[in-house]
Amino acid sequence: MSARALILAACVLLLAAVPPLAQLAGQLYYIDLIRRVMVFAVAAASLNLILGYGGLVSFGHAAYLGVGAYAVGILAFYGIHNGWLQWAVAIVASALVALVIGAISVRTRGIYFIMITLAFTQMLYYLGVSVEEFGGDDGMRLKVKSQFSGLIDLNDPVAFYYLVLALLLAAITLVHRIVHSRFGMVLRAAKSNEARSRAIGFSPYPYQLVAFVISGAICGLAGALLANHTAYITPAFMEWTRSGEILFMVILGGMGTAPGPALGAFALLIIEDLLAGWTEHWQIILGPLLVLSVLFFRRGLAGLLPGGGRHG
Amino acid sequence: MNLILVFEQLLNGVQLGVTLFLMAAGLTLVFGIMNLVNLAHGSLYMVGAYLAVTAIDWTGSYLLGTLLGLLGTLVVGMLVEVIALRTLYERDHLDQVLATFGLILFFNELVAMVWGRTALFSSLPSYLQGHVEIIPGSIYPLYRALVIVIGLAVAVALWYVVTRTRLGMLIRAGASNRTMVAALGINIRLLYTVVFGFGALLAGFAGMLAGPIYNVQPGMGELILIQVLVVIVIGGIGSIRGALVGALIVGIVDTLGRAFLKPLLGAFISPPAAESAGPALASILIYLLMAVVLALRPEGLFPAKSGG
Amino acid sequence: MAEAILDARGLRKSFGALVATDGVDLDLREGETHAIIGPNGAGKTTLISQLAGNLRPDAGSIRFAGEDVTRLSAPQRARRGFARSFQITSIYRDFTALDNVALAVQAHAGHNFRFWRPARAQRSLRDPARAVLEEVGLGARADVLAANLAHGEQRQLEVAMALATRPRLLLLDEPVAGMGLEESQRMVQFLSGLKGRRSIILVEHDMDAVFTLADRISVLVYGRIIASGAPAEVRANPEVRRAYLGEEA
């Protein structure tokens, strides 16, 4: 195994070791914290597909977190607690929303695309705020977590933790397989040189749209996970500032690399956690930090690994 | 629902429209000329509002306070340009979006630290309170009417400067061919700083005007920024005319929608359904409008010919 | 006489006040190599772009193998057998040479909505790609990142990608542009090996290349074809000599 693979394997082992270690140290808080980071890592991995490999700068990915979360929340509200059903709906609903948003936005270029995806996510936020049944601005509690007929109890923090870890690894693997498949090669080619792609016979639009939908679907799953993690669902999940955070995770971690999104999620959320513990006004430090990272640290954390930031 | 009410809401829509225009004009100018996406434009709006309120309180004079506030915003804008944005001109849009996003976090927190998180009260001098009778039977707040007039005046002035003056010519030339303008001996850096400062001034002005009408609080910039982005997408990037048309359309549609959609719907569907569907639909109306415009004209209504 | 595989009539294209293509008629017979020459600014690349589908002509029609393709986009024409190389090298810089050509093979092969199996492991893509690379002389450089190839090698890669789609029509825009003497001679030799087997429209400045490769030459000046015919004819044409060849011929 290459040095890179060894390091990544070690990271996975470390993640798996968190619950027992935390229990030993009596610091159960870390199970919660790392689990939350991993949920966002799933979201970041989904964005990496279209951003890192597809070149689509979506500033609206939080929308799918919201759709997934609300799918779980709304079904639970009406007494449907079956996890299989809830999560399936979360994924499908997110895919559909991504299809609609994507069909309109993917046609556009560059800065328009950024603005439009941003506008749509905020639109969903306002929609969430205005629907009073589901709590409006305050959101709603998830009193009963998704039920999986005895297979796993999400109320058990450790079991839930391992589920999220497994899903994170699955998401990363899925994205990895996709970007190296025939489909993925076309997507990446379109990002690399659109004129050349058209000249050999590829129309980028269908590929980008499909990638957009897949990305939305995976992010919807992250939304379902988030709903269960926080046991509370609010429109704030869909705010554009959240989209910005996910975007930063992908960039900080190294876009267009497999471990990038996870690394970025960890980096950003841990830094936020540390700063928040230090001062109530942590954003005034985070803001400039982010600016500096954009100016001077563009390759991201994955670029520090042996093998560099190069995607295969 | 009487005609007078519709008329008043229409005026409100125009008032929102000119506020959006002031913001959109600055943003689209900066994008068109410097190819810079500045999400922190909303922060300048916020800074403008806060500085104005503070200066008015401090000097006791509305006019003097306003002037100081605007000056302050101009200075802040130029400082931001010199310190943080210069390096971004060469970078791609993603980098610009991310960096200016970081600036938003910074400014929101800065404002919260200095002024606190609760909304500030922005008072109007007595001579600006009161009402005017625009059409018989309808009294409209004087201040809002003034905002409309001022906003439209700025639009005309802007049009004049951009199309009829040497500075405007430089600006348009710079937009289509930077290297050429630089080769002609024009100091591009200075031009950029001036343009950015001007955009900041417009944003600060919008913020100052909006203070008494909307809430002055951290995060106020982002609320309006999203609407401004919708305006720019609808109107077309890089175009002042598009910014005006788009802003008026968005302002009017949004205001009328919020005011009349629920009662309108109530005429067709059951009242309880209209009760929830109305506000929901009203809140997303401008986005639906944007989607429709994009489906028909992906470049917006009046895209500037010269690419950024 | 061989059939006309490409038949362009009355092509017109203006950019504002600039008329880049001013009523051009052009045809290509199957297996023929038809060169287009002309001074700088004559509108050669604009013409190629219209033929390839990158630009919509303001007026005129283009027929390919009997079908009207004027309204078709570049990808659509590519799928019907058009292949194009660009004057300014346009390759996938962050992929290897082999990846580049494999993508071209993949474009032609279809089945592109497959999400699981790694494309790089698929022999049906890699083998033909390798073969084409060998043909153009880049076999040894297959695993080099395209950005790291020498300029001349990148031009070879352009041609390789055009060939990998098994095209019925090749549109080559200055294939030896920027190449040194030896390299361009190798490229010309390679291209002459294609003569008769492919239908080629060739835009070139390099007169050696043109007179070696062309079965027919058309001369484009200010958007109009001022002469068209066998190389010897064109060479002797006084208008052409005045407008373009000057003292050289």
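The legends below describe close-up views of a predicted model with chains A, B and C.

**View 1. The contact between chains A and B, in a model that is predicted.** The contact takes 37 residues from chain A and 35 residues from chain B. On the side of chain A that touches chain B, the elements giving two or more residues are helix H5 (110–130), helix H10 (240–253) and helix H12 (283–296) of chain A, and H5(A) gives the most, with 14 residues. Sorted by class, this side of chain A has 26 nonpolar, 8 polar and 3 charged residues. Chain B and chain C, by contrast, are joined by no contact, and their closest C-alpha atoms lie 12 Å apart.

**View 2. A hairpin in chain B, formed by strands E1 and E2.** Strand E1 (residues 131–135) of chain B pairs with strand E2 (residues 138–141) of chain B in the antiparallel sense, over 4 bridges. Within this pairing, Glu133(B) in one strand stands opposite Ile139(B) in E2(B). There are 2 residues between E1(B) and E2(B), and Gly137(B), which is in the turn, has a positive phi of about 95°.

**View 3. Arg182 of chain A and the residues of chain C that it touches.** Arg182(A) belongs to helix H7 (residues 182–192) of chain A.

**View 4. The open sheet of 4 strands in chain C, with the helix that lies across E1, E2 and E4.** The strands of this sheet follow the order E2-E1-E4-E5 (chain C), and their pairing is antiparallel. Strand E2 (18–29) and strand E5 (67–68) of chain C each have a single partner strand, so one side of each is left without a neighbour in the sheet. Strand E1 (residues 4–15) of chain C runs antiparallel to strand E4 (residues 59–64) of chain C, and 5 bridges join the two; in E4(C), Arg63(C) is the bridge partner of Asp7(C). Helix H1 (residues 44–52) of chain C lies across E1, E2 and E4 of chain C and runs at about 60° to E2(C).

**View 5. The open sheet of 6 strands in chain C, seen from its edges.** Here the order of the strands is E6-E7-E8-E3-E9-E10 (chain C), and the pairing is mixed. Strand E6 (82–85) and strand E10 (224–229) of chain C are the edge strands, each pairing on one side only, and from one strand to the next the twist averages 15°. Strand E9 (residues 216–221) of chain C and E10(C) pair in the antiparallel sense over 5 bridges, with Ser218(C) standing opposite Ser228(C) in E10(C). Across E6 and E7 of chain C lies helix H5 (residues 151–164) of chain C, which runs at about 175° to E6(C).

**View 6. Strand E8 of chain C and its two parallel pairings, with E3 and with E7.** Strand E8 (residues 199–203) of chain C is largely enclosed by the rest of the structure, because 5 of its 5 residues are buried. Ser199(C), Ile201(C) and Val203(C) point one way from E8(C), whereas Ile200(C) and Leu202(C) point the other way. Strand E3 (residues 33–37) of chain C runs parallel to E8(C) and is joined to E8(C) by 4 bridges, and His34(C) stands opposite Ile201(C) in E8(C). Strand E7 (residues 169–173) of chain C also pairs with E8(C) in the parallel sense, over 5 bridges, and Leu202(C) in E8(C) is the bridge partner of Leu172(C). From E7(C) the chain crosses through helix H6 (residues 181–194) of chain C to E8(C), in a β-α-β crossover that is right-handed.

**View 7. The two domains assigned in chain C and the contact between them.** The domain assignment gives domain 1 (1–81 + 167–249) and domain 2 (93–166) of chain C, and their centres, taken over C-alpha atoms, are separated by 26 Å. In this contact, 13 residues of domain 1 meet 11 residues of domain 2. H6(C) provides the largest share of the side of domain 1 that touches domain 2, with 4 residues, and by class that side has 9 nonpolar, 2 polar and 2 charged residues.

Methods. Residues numbered from 1 in each chain as written. Chains lettered and ligands numbered in written order. Predicted model: local features only at pLDDT ≥ 70, side-chain atom pairs only at ≥ 80, totals over all residues. Pairing = 2+ DSSP bridges. Contact = placed C-beta atoms within 7 Å. Axes fitted to C-alpha atoms, helices over the stretch in contact; angles between N-to-C directions. Nonpolar A, V, L, I, M, F, W, Y, C, P; charged D, E, K, R; others polar. Buried ≥ 20, exposed ≤ 12 C-beta atoms within 10 Å, placed from the backbone. Right-handed = clockwise from strand over helix to strand, strands pointing away. Domains from an automatic or database assignment. Lists of a residue's contacts leave out its neighbours within four places in sequence.
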